[in-house]
There are 2 protein chains.
Amino acid sequence: MIITIDLNNNKPTYLQIVDCVRRAVATGALKTGDQLPTIREAAVQARVNRNTISRAYLELEHLGMIRSRQGAGSFVTDAGPDLEHEERVKALQTLVDELALETVHYQIPVDDVIAMLRESAAKLGKESDHD
Amino acid sequence: MIITIDLNNNKPTYLQIVDCVRRAVATGALKTGDQLPTIREAAVQARVNRNTISRAYLELEHLGMIRSRQGAGSFVTDAGPDLEHEERVKALQTLVDELALETVHYQIPVDDVIAMLRESAAKLGKESDHD
DNA sequence: TCTATTGTAATAGGTATATTAGTACAATTA
DNA sequence: TAATTGTACTAATATACCTATTACAATAGA
């Protein structure tokens, strides 16, 4: 079960789905060429409407992460995101600033947050062993 | 001018205002006891409706950052946020995970992001000298 | 006390987004 | 051919955000 929805999360359902797939690809749970659950399947499993899954998959296709083919299904693409490095860093800056603000505001040592970040990144990058 | 709104930012206006004040407090641009712009003033300066400022100030009051008194104005409070350490860390985890996902996804070295984070946090924490 | 200032409250309207529901169609697969 | 799968479309509903407007209550200052 790749897609899980957290109703408590204020983030839109379709973006949660997008993140789930991105995570799965990052960790290696999904590899290039792998088929995603069909839209109808995923909708049932995640207990959301087909349209919501459809929108998420569309978003993923725009990100260049997957490729959907009518009648066939949706599959993980080898092509990574095609943003320039410059663009990527700029996109990160917003998130970084936000995190920094929270860190300072709540007076949590920056090193603690860095440790959390390292761990979280490691979790994503390493688990490509199991299948 | 403490409050600035970025129309391009998809973040709600009132939350942007909240962040502005939090940043100002973090950097020392606003100190305990300082008066914030009045709701009407701030609304004119930021070119938004009074209600939007009002909502932001209310949010800040809930955060324990400011205290508003009818007829008097809104002032920075000395009491910091009253969340438990446990709670704070949990609140951070979501942001950290999100950042980690972007980092891995875009294949940006974690150390780069950490450098960005350090710089961003330093900017917030240090500028209490001027003024 | 009188008056201006300030925060607060309440209502209404407009816009945008998110989600569901339902139906139909088109391309692929077997 | 027939089932599967993605796609497209409309409609309805709910929610969040922002504006506009009006009125009121507490405070500060002359």
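Which residues in α1(A) meet which residues in α3(A)? Hi everyone, let's start there, and please keep in mind that this is a predicted model. On the α1(A) side we have A:Thr13, A:Tyr14, A:Ile17, A:Val18, A:Val21 and A:Arg22. Facing them from α3(A) are A:Thr52, A:Ile53, A:Arg55, A:Ala56, A:Glu59 and A:Leu60. By class, that contact has seven nonpolar, two polar and three charged residues.

Now for the geometry of this pair. Helix α1 of chain A covers residues 13-27, and helix α3 of chain A covers residues 50-62. Their axes are 8 Å apart, and the packing angle is about 50°. As for hand, α1(A) and α3(A) cross in a right-handed way.

Let's move on to a pair that involves both chains. Here helix α4 of chain A, residues 85-105, meets helix α1 of chain B, residues 13-27. The two axes come within 10 Å and cross at roughly 55°, so α4(A) is oblique to α1(B). What is the hand of the crossing of α4(A) and α1(B)? This one is left-handed.

And who makes the contact? From α4(A) it is A:Asp97, A:Glu98, A:Leu101, A:Glu102, A:Val104 and A:His105. From α1(B) it is B:Asp19, B:Arg22, B:Arg23 and B:Ala26. Sorted by class, the contact of α4(A) with α1(B) has six charged, three nonpolar and one polar residue.

Terms used
Residues are numbered from 1 along each chain as its sequence is written. Chains are lettered from A and ligands numbered from 1 in the order in which they are written. This is a predicted model: local features need pLDDT of at least 70, side-chain atom pairs count only at pLDDT 80 or more; totals for chains, interfaces and linings use all residues. Side-chain values use heavy atoms; hydrogens and water are left out. Axes are lines fitted to C-alpha atoms, for helices over the stretch in contact, and angles run from 0 to 180 degrees between N-to-C directions. Helices (H or I, at least four residues) and strands (E, at least two) are DSSP runs, numbered from the N terminus. Angles under 35 degrees count as roughly parallel, over 145 as roughly antiparallel, 65 to 115 as roughly perpendicular and the rest as oblique. A crossing is left-handed if the near helix is turned anticlockwise from the far one by less than a right angle, and right-handed if clockwise. Contact means heavy atoms within 4.5 Å. Ala, Val, Leu, Ile, Met, Phe, Trp, Tyr, Cys and Pro count as nonpolar, Asp, Glu, Lys and Arg as charged, and the others, Gly among them, as polar.
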